[in-house]
Each structure stands twice: as structure tokens, then as C-alpha cells.
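Hi there,

Here is the structure I promised to pass on. Have a look at it first, and then read my notes below.

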Amino acid sequence: MMEVIVCYSRCWNCMFGHCYDPPKPHPWWGSEDVEHAVATGQPTPRGNCACPCAKPEVAA
């Protein structure tokens, strides 16, 4: 059985109100997240930011 963790996260820019205008898909993770995952033997992060500005079809 495979364990799955779902984490709805926003990128640093969106967390501080600097959202994309116009909206466009973008990841929630940055280079530091990738470096940490590699250093600790975890899977590299994947997925888009959970902010509405990362979903143009929703933000419209």
C-alpha cells in the first residue's frame, strides 16, 4: 500500500499577496524545496500553487 499526502499549498509570492496578473499556472515549490527534498531523500515536489491566480479558468 502506498501512502499519499495531499498538501494544498501556495507559493511564497501568493502567500504575501503578490499574485499573478493575469493568472497563470505556476508551482507552489521553489528551488529550496527541491534542494531539501533531494538532501533528505524525499520525492521532489510537484504540483501547482493552490491560489486562484494559478488557475486562470477559475480566476476569470
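In which loop does His26 lie? His26 sits in the loop between α1 (12–15) and α2 (31–39); helices here are DSSP runs of H or I with at least four residues, numbered from the N terminus.

Before going on, please note that this is a predicted model, where local features need pLDDT of at least 70, side-chain atom pairs count only at pLDDT 80 or more, and totals for chains, interfaces and linings use all residues. Residues are numbered from 1 along each chain as its sequence is written, and side-chain values use heavy atoms, with hydrogens and water left out.

His26 has a relative accessible area of 4%, so it counts as buried (under 20%, while exposed is over 50% and partly exposed in between; 1.4 Å probe, protein chains only). Its side chain reaches the backbone oxygen of Lys24 at 2.9 Å. Leaving out residues up to four places away in sequence, His26 touches Cys11, Cys14, Tyr20, Asn48, Cys49, Cys53 and Ala54 (contact means heavy atoms within 4.5 Å).

With those cysteines, how many disulfides does the structure hold? The count is zero, a disulfide being a pair of cysteine sulfur atoms within 2.5 Å. For Cys11, the closest cysteine sulfur is in Cys14 at 3.5 Å, so it is too far for a bond. Cys53 also has its closest cysteine sulfur in Cys14, at 3.4 Å, again too far for a bond. Cys11 is buried at 9% relative accessibility, and Cys53 is buried at 7%.

Enjoy exploring!

Methods. Helices (H or I, at least four residues) and strands (E, at least two) are DSSP runs, numbered from the N terminus. A polar contact is a pair of N or O atoms within 3.5 Å; within protein, one must be able to donate a hydrogen and the other to accept it, and residues adjacent in sequence count only if both atoms are side-chain atoms.
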